[in-house]
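User: I would like to go through the terms used for this structure and see what each one rests on.

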Amino acid sequence: MRAFLVPLAAALMALAVALPGSADEPQASSPFSPAEREALHAEIRGYLLAHPEVLQEMIALLEQKQQAATAENDRNLVAMNAEEIFDDGFSWVGGNPEGAFTLVEFLDYQCGFCRRAQPEVVELLASDGDIRLIVKEMPILGPGSELAARAAVATMIAEGEEKYAALHAKLMTVEGGITDASLDAALTEVGLDPAAIRAAMQDPEVERRLGETRALAEKLAIAGTPTFVFDDRMVRGYLPLAQMRALVAEVREDG
């Protein structure tokens, strides 16, 4: 019965829209007389008042269609910008660099949900040996975020992938906002010279890489972190480990 109510309500609402709001309004092309239109309005209103759950079902159906449309649009955005997303030539690649499945994360080191996702991403990679992780710094939460992102990119350029990976992991665990003092402490803890990294942060290449990532985020309409790309699917926001695993399985099944 409930399955029948949705198309019935949709038809009723479509009919209501097609009809004028008042029996007094002119409707030259209408097959209904003013009295018939008024009776239909009353019938539709009475039905919906008696069955308000129909409106809830219609709203849920509309939301599902909107979500499907958004997902399809995101897939198109990923396809159009695939080279910059998956092979920009400078982003750090972790997990299994030869993995058949690629997970991309746009993150901010001061983002609470990015920090929450970090151990779950690590666990996902550890439990699935066929995932290639690409990290893209997207500092959007103020000076501390910009400071951390520049330090990470500078470390990648000056010290290489292993030191970057160590600093990346450490920055994701810094409590509170990132300051000059907490950054220097993080650099020291992973065996980096703060003065040397700060000098490397002035390299124009650091700004170029961050600028390219910002431009890519704009093309993908990414406004917040974390944002993930699971092969061809974009997820805007935090996703728990169980849902990450389910999405990876779904994408693999879809081929």
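Predicted model: local features only at pLDDT ≥ 70, side-chain atom pairs only at ≥ 80, totals over all residues.

Analyst: Residues are numbered from 1 along each chain as its sequence is written, and side-chain values use heavy atoms, with hydrogens and water left out.

User: How many helices and strands does the chain have?

Analyst: The chain has 11 helices and 5 strands. Helices (H or I, at least four residues) and strands (E, at least two) are DSSP runs, numbered from the N terminus.

User: Why is Pro 143 called exposed?

Analyst: Buried means under 20% relative accessible area, exposed over 50%, and partly exposed in between (1.4 Å probe, protein chains only). Pro 143 has a relative accessible area of 73%, so Pro 143 is exposed. Pro 143 lies in helix H6, residues 143-159. Buried residues make up 42% of the 255 residues in the chain.

User: Why does the pair of Trp 92 and Tyr 164 count as tilted?

Analyst: Rings of Phe, Tyr and Trp (its six-membered ring) pair if their centres lie within 6.5 Å; planes under 30 degrees apart count as stacked, over 60 as edge-to-face and the rest as tilted. By this rule the count comes to 3 aromatic pairs. The ring centres of Trp 92 and Tyr 164 are 5.5 Å apart with planes at 40°, so the pair is tilted. Trp 92 is in strand S1 (residues 92-95) and Tyr 164 in helix H7, so the pair ties together parts that are 72 residues apart in sequence.

User: Are Trp 92 and Tyr 164 buried or exposed?

Analyst: Trp 92 counts as buried at 13% relative accessibility. Tyr 164, with a relative accessible area of 2%, is buried too.

User: What makes Phe 228 and Phe 230 an aromatic pair?

Analyst: Their centres are 5.9 Å apart and the planes make 50°, and the pair is tilted. Phe 228 counts as buried at 0% relative accessibility, and Phe 230 is buried with a relative accessible area of 0%.

User: Which residues have the most contacts inside the largest nonpolar core?

Analyst: A nonpolar core is a set of buried Ala, Val, Leu, Ile, Met, Phe, Trp, Tyr and Cys residues joined through side-chain atoms within 4.5 Å. The largest one has 48 residues, and those with the most contacts inside it are Leu 103, Tyr 109, Leu 167, Leu 171, Phe 228 and Phe 230. Helix H6 gives the most to this core, with 8 residues. A second, separate core of 14 residues includes Ile 85, Ile 134, Leu 216 and Val 229.

User: How do you know that the buried residues of H8 lie on the same side?

Analyst: In helix H8 (residues 180-189), the buried residues are Ser 182, Leu 183, Ala 186 and Leu 187. They cover an arc of only 140° around the axis, so they are on the same side of H8. The arc is that of the directions from the helix axis to the C-beta atoms. The face turned away from the buried side carries the exposed residues Ala 181, Thr 188 and Glu 189.

User: What do the buried residues of H8 pack against?

Analyst: They pack against H6, helix H7 (161-171) and helix H9 (194-200). Contact means heavy atoms within 4.5 Å. Ser 182 touches Val 174 and Gly 177, not counting residues up to four places away in sequence.
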